[in-house]
Amino acid sequence: MAWKSEMVMSYLTEVEELVESVLADKQQIVDLDGKRNRNREALRALQNSADQTGNVMVCFGNMFIKFPNSRTRDMIRKDQEQLDEEIHKLSNQLKVKVNHLNEAQGKPELKGFNLSPLTQEEMRAINQTLKS
């Protein structure tokens, strides 16, 4: 009897850890996406500003520093690229974790969950095929 209760406890512990891992990744994706949206807003504000060659005030932590407008845009774009890579990496890891969680719970693997969009080259090839 004690052996069965230990097995149940270990199973529930494993499932709970997997769920926590999935939820943590989802929350991290949401947080990174919020930062990406704020960066997008900042880029738009810099593009719409009247003075394209002047300096702008940039907040680093709890400190404001004047930077040239073009350099600030470059920094934000680099940050956007890093955020995109991190979000992409987390979302790929999330797919694997969700499949592992479903496997641990005895559920079937999600169908269509591992789809990826067509690349531009693939789209061009399809369009050329359709035009022919």
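One term before we click: buried means under 20% relative accessible area, exposed means over 50%, and partly exposed is in between, with a 1.4 Å probe and protein chains only. You're looking at a predicted model, where local features need pLDDT of at least 70, side-chain atom pairs count only at pLDDT 80 or more, and totals for chains, interfaces and linings use all residues. Residues are numbered from 1 along each chain as its sequence is written, and side-chain values use heavy atoms, with hydrogens and water left out.

**Stop 1: the hairpin**

Strand β1 (residues 55-60) and strand β2 (residues 63-68) run antiparallel, joined by six bridges. Strands here are DSSP runs of E, at least two residues long, while helices are runs of H or I with at least four, numbered from the N terminus. Two strands pair if DSSP finds at least two bridges between them. Which residue of β2 is the bridge partner of Asn55? That's Pro68. Val58 has its own bridge partner in β2, Ile65. Now click on the turn: two residues sit between the strands of this hairpin, and Gly61 there has a positive phi of about 70°.

**Stop 2**

Next, pick out α2. This helix has 37 residues and reaches 53 Å from its first C-alpha to its last, close to the 54 Å expected at 1.5 Å a residue. (The expected span is 1.5 Å times one less than the number of residues.) Just after α2, look for Gly106, which takes a positive phi of about 80°.

Now show side chains for Val15, Leu18, Val22, Ile29, Leu32, Leu83, Ile87, Leu90, Leu94, Val98, Leu101 and Ala104: these twelve residues make up the largest nonpolar core. Such a core is a set of buried Ala, Val, Leu, Ile, Met, Phe, Trp, Tyr and Cys residues joined through side-chain atoms within 4.5 Å. Both α1 and α2 supply at least two residues each, and the largest share, seven residues, comes from α2.

**Stop 3: salt bridges**

Side chains of opposite charge can pair when their charged atoms come close. The cut-off used here is a side-chain nitrogen of Lys or Arg within 4 Å of a carboxyl oxygen of Asp or Glu. How many salt bridges does a search of the whole structure find? Six.

Start with Asp25 and Lys97, whose closest N and O atoms are 2.8 Å apart. This pair links distant parts of the chain, with Asp25 in helix α1 (residues 2-48) and Lys97 in helix α2 (residues 69-105), 72 residues apart. Is Asp25 buried or exposed? Asp25 counts as buried, at 8% relative accessibility, whereas Lys97 is partly exposed, with a relative accessible area of 26%.

Move on to Lys35 and Asp79, where the closest N and O atoms are 3.9 Å apart. Here, too, distant parts of the chain are linked: Lys35 is in α1 and Asp79 in α2, 44 residues apart. Lys35 is partly exposed at 35%.

Then select Arg77 and Asp74, a salt bridge with its closest N and O atoms 3.7 Å apart. Both residues lie in α2, three residues apart, about one turn of the helix. An α-helix has 3.6 residues a turn, so residues three or four places apart point the same way. Arg77 counts as partly exposed at 37%, and Asp74 is partly exposed at 41%.

**Stop 4: a last look at the helices**

In α1, go to Leu46. Leu46 counts as buried, at 8% relative accessibility. Draw a distance line from Leu46 to Thr119: they are 73 residues apart in sequence and 30 Å apart in space, C-alpha to C-alpha.

Finish on helix α3 (residues 120-131), which has twelve residues and reaches 16 Å from first C-alpha to last, close to the 16 Å expected at 1.5 Å a residue. How many of the twelve residues of α3 are buried? The count is zero, so to speak a helix that is hardly covered.
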